[in-house]
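Biologist: I am new to this structure and would like to go through it with you. Could you show it to me, please?

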Amino acid sequence: MATLLRKAARVSLSGSLLSAGGRPGRLYALSYFGSNSRNSSTSSKVKVDLDNSSGIAVVKFQGPPVNSMGMDFLTEMAIGLDKLELDKNCRGIILTSAVPKVFSAGLDIMDMYGKTLEHYELFWRSVQDLWLKLYSSSKIMIAAINGASPAGGCLMALSCDYRILADNPRYKIGLNEAQLGIVAPFWFKDSMVNTVGYRIAEESIQFGVMYSPADALKIGLVDQVVPEDKVLSTAKEKMEKWFDIPDHARQISKSMMRKPTIDRMLANRETDIKNFVGFISKDSIQKSLEMYMAMLKMKKG
Ligand SMILES: CCCCCCCCC/C=C/C(=O)SCCNC(=O)CCNC(=O)[C@H](O)C(C)(C)COP(=O)(O)OP(=O)(O)OC[C@H]1O[C@@H](n2cnc3c(N)ncnc32)[C@H](O)[C@@H]1OP(=O)(O)O
């Protein structure tokens, strides 16, 4: 019986939960190498390590100093996720960071500052693409958050099925866009609402709150807070529990929960790009970003 259940659990629906109409990300060659039991791929910003025997892939961000989500990161993530989505040996994906103290600082501000309208359009489409791939993945996605996780970093965690945060008061998490003078787009907001509920999201997004681990746990922004050195091992243990559920049942359930949010984004995708380009290229918004970057540098010096 146990064997039968295990077998059933491995029956996987092919492809992500993405509805027809989702555009695939740009594809670049990324080499996979390794033995039968492990597939690893390393590119400059992301390392993917799939353990074929456990079915768990660890996707590590490795773009110091802060794993910001620039074009390279977005492209490499898209390639890595596409490959894992198609890989029958992979049942679950853990997102984590190889950079000390930072999970991800969110979108690379330099990709939103002083660039051409064409660049903003391409950049935003890539950000949308990554969210679609993460949010609609048919795999079990667990965020092992081992550092600060503002804005886009928080969005990646929100796109997962389960979030584990390291117990360090300096590792804050939240959608802090308002504090930069920018606005969390509707699908960032939807991801937050779907996780913590409307009322908390409403306050959280307007204030751009960055939550300590204790507060993030209290509002349900993360599911577990564990000692820093236990984040990855806890994620792997948790994954084993998720593996007990037959894949097809879990995937259909996940799709049922997430489809309306995904469809809303797909239906409004081009308008969202237009809004972003119009908004980010405004002089006043460029000035806000300039001041924010200067503030980050001052804090350092
Ligand atoms: C209508 C609707 C329309 C839509 C409207 C628009 C929607 C936009 C949605 C935006 C989503 C986002 O994700 S916006 C991004 C928001 N991100 C943030 O606010 C994070 C800011 N960063 C931090 O708080 C910190 O860096 C933190 C991550 C905690 C790490 O702190 P540390 O002390 O370890 O490191 P720091 O010294 O601060 O940073 C190291 C270097 O990295 C740089 N750096 C830090 N974050 C960076 C970032 N996101 N992009 C680029 N560079 C960054 C710093 O300037 C430093 O550069 P050097 O001095 O040169 O070394």
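**Confidence and architecture**

Modeller: This is a predicted model. The chain has an average pLDDT of 90, and 88% of its residues score at least 70. For the complex, the predictor reports an ipTM of 0.98 and a pTM of 0.92.

Biologist: Which elements have the lowest and the highest mean pLDDT?

Modeller: Helix α1, residues 2-10, has the lowest mean pLDDT, at 43. The highest, 99, belongs to strand β6, residues 140-145.

Biologist: Where does pLDDT stay under 50?

Modeller: It stays under 50 over residues 1-14, for which the model has 15 contacts beyond four places in sequence. Residues 19-34 also stay under 50, and there the model has 27 such contacts. Where pLDDT is low, the predicted coordinates should not be read in detail.

Biologist: Let us turn to the sheets. What is the strand order in the sheet of seven strands?

Modeller: The order is β1-β2-β3-β4-β6-β8-β10, in an open sheet with mixed pairing. Its edge strands are β1 (38-42) and β10 (224-226), each of which pairs on one side only. On average, neighbouring strands here are turned by 15° against each other, ignoring direction.

Biologist: And how many bridges hold β4 and β6 together?

Modeller: Four bridges, with β4 (residues 92-97) and β6 paired in the parallel sense. Within that pairing, Ile94 has Ile142 of β6 as its bridge partner.

Biologist: Which strands does helix α2 lie across?

Modeller: Helix α2, residues 71-86, lies across β1, β2 (46-51), β3 (56-61) and β4. The helix runs at about 15° to β2.

Biologist: What about the sheet of three strands, parallel or antiparallel?

Modeller: The pairing is parallel, and this open sheet has the order β5-β7-β9. The edges are β5 (101-102) and β9 (173-174), each pairing on one side only. Strand β7, residues 147-150, is joined to β9 by two bridges. One of the residues involved is Ser149, whose bridge partner in β9 is Ile173.

Biologist: Changing topic to helix α9: where does it bend?

Modeller: The bend is at Arg258 and amounts to about 50°; a proline, Pro260, follows within four residues. The helix covers residues 247-267, 21 residues in number. From first C-alpha to last, α9 reaches 28 Å, close to the 30 Å expected at 1.5 Å a residue.

Note on methods:
Residues numbered from 1 in each chain as written. Predicted model: local features only at pLDDT ≥ 70, side-chain atom pairs only at ≥ 80, totals over all residues. Pairing = 2+ DSSP bridges. pLDDT = per-residue confidence, 0-100. Contact = placed C-beta atoms within 7 Å. Expected span 1.5 Å × (residues − 1). Bend = angle between axes of the 7 residues up to and from the residue. Axes fitted to C-alpha atoms, helices over the stretch in contact; angles between N-to-C directions.
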